[in-house]
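Subject: Handing over a structure, with notes on what was found in it

Dear colleague,

I am passing this structure on to you, and my notes follow it. Please read them with the structure open beside you.

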Amino acid sequence: MRGLRRGISRRGKRTVRHREGSAAMAKLRYTFKNDTLFKVLFVQYPELLKRLVAELIGIGYNSIGRFEITNPEMPPESLGDKFCRLDINMTVDGQRVDLEIQVRDEGDYPERSLYHWAREYSAALAEGEEYSLLPRTIIISIIAFKLFHCREFHSEYQALEVTRHTQLTDKLSLHYFELPKLPSPVSPDNGMELWLTLFNAETEEELVKIETMEVPIMEQAISAYRRITATPEFREMERLRSKARHDEAQALKSARLEERAKWQSVVADKDAKLADKDAVLAEQDALIAKLRARLGDSE
């Protein structure tokens, strides 16, 4: 291991020196938060994914026996579909684990992640099986916005009794990692924070800073990132995915405009009815005034 570390470190130093003379502050064209890159990278390099998951859910890497990606497929036609999700489903020693990146805060993420948990959990029960055989199901969300009113960047939610805080079951676990709350700088000995800092990197300079820490797994991840993003195959996949994101945004915008127009129409209709009612009342008031005037004249 020491020989491997020294070899990687020397290569990393040469790379850093080369890049220090270039535009190190350049924005990354693709970040680790890019869902296409996220899926391609970890499907092609499952050992990196295994290391990441071990850090995020706090289990020993060497303690993992069975590790399998259950949705590795990513057909090109699906990348062009609106609302296509590029999460990664895994089986980790009998547990179902779903890992997802979320960049935009759409206001309903807790409900969305709980829905994903329910879907994964219920799908694990084969027909005729007992409920006790349902596996522990874990949702891991790496999110690029602040979600909870707390200082901690990592929150885990389980099913607990509200006053005694006793656990109902260990089969529900929701992990949220809020990237804007990451500490800076991070320690090279903190694997979880290093991985999340990698996801949070936006510039070449930030990648170089991680490389200078000379942590082999980080150097492997960055090297894999550079190889994948340089390929025309990935760039074509990202073109299709980018189009899908645009279509999704347009569809959501159109839906919002349609809903707004619908409610504006409802409000306008109510206003018109109120206006008609006011006109009738005004007409009645005028008639009453005339009748009173006549009564006054007759007296």
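Helices (H or I, at least four residues) and strands (E, at least two) are DSSP runs, numbered from the N terminus. This is a predicted model, in which local features need pLDDT of at least 70 and side-chain atom pairs count only at pLDDT 80 or more, while totals for chains, interfaces and linings use all residues. Residues are numbered from 1 along each chain as its sequence is written, and side-chain values use heavy atoms, with hydrogens and water left out.

The chain holds 9 helices and 6 strands. Of its 299 residues, 39% count as buried, where buried means under 20% relative accessible area, exposed over 50%, and partly exposed in between (1.4 Å probe, protein chains only). Among contacts (heavy atoms within 4.5 Å) between residues at least 6 apart in sequence, 68% join residues at least 24 apart.

The sheet

The 6 strands form an open sheet of mixed pairing, in the order β1-β2-β3-β4-β6-β5; two strands are said to pair if DSSP finds at least two bridges between them.

With β2, strand β3 pairs in the antiparallel sense over 5 bridges, and the bridge partner of N89 is D98 in β3. These two strands make a hairpin with 2 residues between them, and in the turn D93 has a positive phi of about 50°. With β4 (residues 137-143), strand β3 (residues 95-102) pairs in the parallel sense over 7 bridges; here R96 has T137 of β4 as its bridge partner, and L99 stands opposite I140.

Helix α3 (residues 46-57) lies across β1, β2 (88-92), β3, β4, β5 and β6 (167-178), and runs at about 110° to β1.

K50 counts as buried because its relative accessibility is 12%, and its C-alpha atom is separated by 9.1 Å from that of E68, which is 18 residues apart along the chain.

The cores

A nonpolar core is a set of buried Ala, Val, Leu, Ile, Met, Phe, Trp, Tyr and Cys residues joined through side-chain atoms within 4.5 Å. The largest one has 54 residues, and those with the most contacts inside it are F42, L49, M90, W195 and F199. Apart from it lies another core, of 12 residues, including Y109, Y121, L147 and L172.

Helix against helix

The axes of α2 (residues 35-44) and α8 (residues 216-229) come within 10 Å and cross at roughly 115°. The contact joins L37, V40, L41 and Q44 of α2 to A221, A224, Y225, I228 and T229 of α8. Helix α8 also meets α7 (residues 204-212), their axes coming within 9 Å and crossing at roughly 145°; there E204, L207, I210 and E211 of α7 face M218, E219, I222, Y225 and R226 of α8.

Backbone points to check

Most residues other than glycine have a negative phi, and most peptide bonds are trans. In this model, a cis peptide bond joins S184 and P185, with omega at about -5°, and P185 sits in the loop between β6 and α6 (191-200). H165, although not a glycine, has a positive phi of about 60°; H165 belongs to the loop between β5 and β6, and its 55% relative accessibility means that it counts as exposed. E214, in the loop between α7 and α8, likewise has a positive phi of about 60° without being a glycine.

With best wishes

Definitions and conventions:
Axes fitted to C-alpha atoms, helices over the stretch in contact; angles between N-to-C directions.
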